[in-house]
Amino acid sequence: MSLHLRELTQGECYEVLEHARFGHLACCRNGQPYVAAVYFAFSGNMAYSFTMPGKKLSWMRENEKVCLQVEQQSNTGGWTSVVVDGVFEEFPDNDLWRSERIRAWSLLQAQPDWWEVGSLKPSDQPTLFEPPHVFFGILVHTVSGRRASRED
């Protein structure tokens, strides 16, 4: 068996993104990359997500250029990978961003456990009087992808 590799069309990339809900988000600060697992919901030209304060959020606030990678593996030994180059957009809890926060929440909550990756921390966090969670989006600038399939 050999592996056949092909580029995905932009439409195929968007189709993969619309059906995916888990990926890896990369950000960079002072030349140092950082990659984190994220749940997301994709609609239009935006990947919507959610996080708590921490390294990922701090770095994205400092450098808005980010990258989202999604992969799917097939039962036949092939795979599909899509990469989004985009810009971080935070949706603060205020009147200006309310509709975008509601859109993010409504798309994300359609899946069970949508909040887990973004809200869990490996150690206990202090109790706060206001929820510290942050809704954000990755606005797509470019998208590319490849698919590998096994051939007999």
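This is a predicted model: local features need pLDDT of at least 70, side-chain atom pairs count only at pLDDT 80 or more; totals for chains, interfaces and linings use all residues.
Accessible areas here come from the Shrake-Rupley method with a 1.4 Å probe, and for residues only the protein chains shown count as cover. On that basis the chain exposes about 9200 Å², with carbon and sulfur atoms supplying 51% of it. Residues are numbered from 1 along each chain as its sequence is written, and side-chain values use heavy atoms, with hydrogens and water left out.

Of the 152 residues in the chain, 36% are buried (under 20% relative accessible area, 1.4 Å probe, protein chains only). As for contacts (heavy atoms within 4.5 Å), take those between residues at least 6 apart in sequence: 73% of them join residues at least 24 apart.

The chain has four helices and eight strands, counted as DSSP runs from the N terminus (H or I, at least four residues, for helices; E, at least two, for strands). Along the sequence they follow the pattern β-α-β-β-β-β-α-β-β-α-α-β.

Strand 2 (residues 22–29) has two pairings to report, a pairing being at least two DSSP bridges between two strands. With strand 3 (residues 32–39), strand 2 pairs in the antiparallel sense over eight bridges. Arginine 29 has glutamine 32 in strand 3 as its bridge partner. The two strands make a hairpin with two residues between them, and asparagine 30 in the turn has a positive phi of about 50 degrees. Strand 2 also pairs with strand 6 (residues 65–73), again in the antiparallel sense, over three bridges; here alanine 26 has cysteine 67 in strand 6 as its bridge partner.

Conventions. Buried means under 20% relative accessible area, exposed over 50%, partly exposed in between (1.4 Å probe, protein chains only).
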